[in-house]
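Please look over the sequence and the structure below before reading on. The report that follows takes up the spaces inside the protein, its surface and its overall make-up, one topic at a time.

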Amino acid sequence: MLETVFMAMGLAMDASCVSMTNAMSEKNMKWLKAIFFTLLFGVFQAVMPMIGYFVGGAFSKLLLNFIPLIALVLLTALGLKSIIETVKDKKKGNEVKEKRVGIGEIFLQALATSIDALSVGVLFIEKSVGEAMLSFGIIGIITFAMSFICYLIGKKFGGWLKNKAAIVGGIVLILVGLKIFLPSVI
């Protein structure tokens, strides 16, 4: 079980970084929204290995080569969007508006940060369904907890960064995408 906890912490790192980025970008985010998106990150992080477990090796192995690329494309697109919108506002001389993280964007973030967990499900094929589901639940709970803690940290730093938070957040999203992608090509 300790192995599952450490695996969960490793899997949760991407979602936690994105959670911190969301908090820095949307400084006045309502608590309910923060709980929603961190919970969604946990749910996605638990469901993806379930899919890998039940579909088994065939589908997961086929997608294994594309998973890092998909995560890179999604997170880079979201990061660039954040950076470009902020730079455009600054060029126009407009006061940089607080970025609002939309529901669609949150779902894409949850998908992009959890898609690598799809292959984790294959590691549990030898385990019983009950053991596997317990492990996937632990992964989801730890992801939720770490993401929420990082949201709180990001909320604190977002105030310090002021108008630069959306740019820093965009850069973090791109770096998380690269962190997922680079090990697959190196």
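## The largest cavity

Which residues line the largest cavity? In this predicted model, the lining of that cavity is formed by T21, N22, S25, L78, S82, K99, V101, E105, Q109 and L173. Helices α1, α4 (67-91) and α5 (103-114) are the elements that each give two or more residues to this lining, and the largest share, three residues, is the contribution of α1.

When the lining residues of the largest cavity are sorted by class, five are polar, three are nonpolar and two are charged. The volume of the largest cavity is about 30 Å³, and a search of the whole structure finds one cavity of 30 Å³ or more.

## The largest pocket

The largest pocket holds about 150 Å³ of space, and its lining is made up of M1, E3, T4, M7, L123, F124, K127, E131 and S135. Two helices, α1 (2-25) and α7 (129-161), each supply at least two of the residues in this lining, while the largest share, three residues, comes from α1.

Among the residues that line the largest pocket, four are nonpolar, three are charged and two are polar. Helix α1 therefore deserves attention in both spaces, since the largest share of the lining comes from α1 in the pocket and also in the largest cavity, taking a helix to be a DSSP run of at least four residues.

## The chain as a whole

Stepping back to the whole chain, the model contains eight helices and zero strands, and reading along the sequence gives the pattern α-α-α-α-α-α-α-α. The chain has 186 residues, of which 46% are buried.

Definitions and conventions
Residues are numbered from 1 along each chain as its sequence is written. This is a predicted model: local features need pLDDT of at least 70, side-chain atom pairs count only at pLDDT 80 or more; totals for chains, interfaces and linings use all residues. Side-chain values use heavy atoms; hydrogens and water are left out. On a 1 Å grid over the protein atoms alone, a cavity is a set of points where a 1.4 Å probe fits but cannot get out, and a pocket is an open set with protein on both sides within 12 Å along at least five of seven lines; lining residues have an atom within 4 Å of a point. Grid points are joined across faces, edges and corners, and a volume is the space filled by probe spheres set on the points. Ala, Val, Leu, Ile, Met, Phe, Trp, Tyr, Cys and Pro count as nonpolar, Asp, Glu, Lys and Arg as charged, and the others, Gly among them, as polar. Buried means under 20% relative accessible area, exposed over 50%, partly exposed in between (1.4 Å probe, protein chains only).
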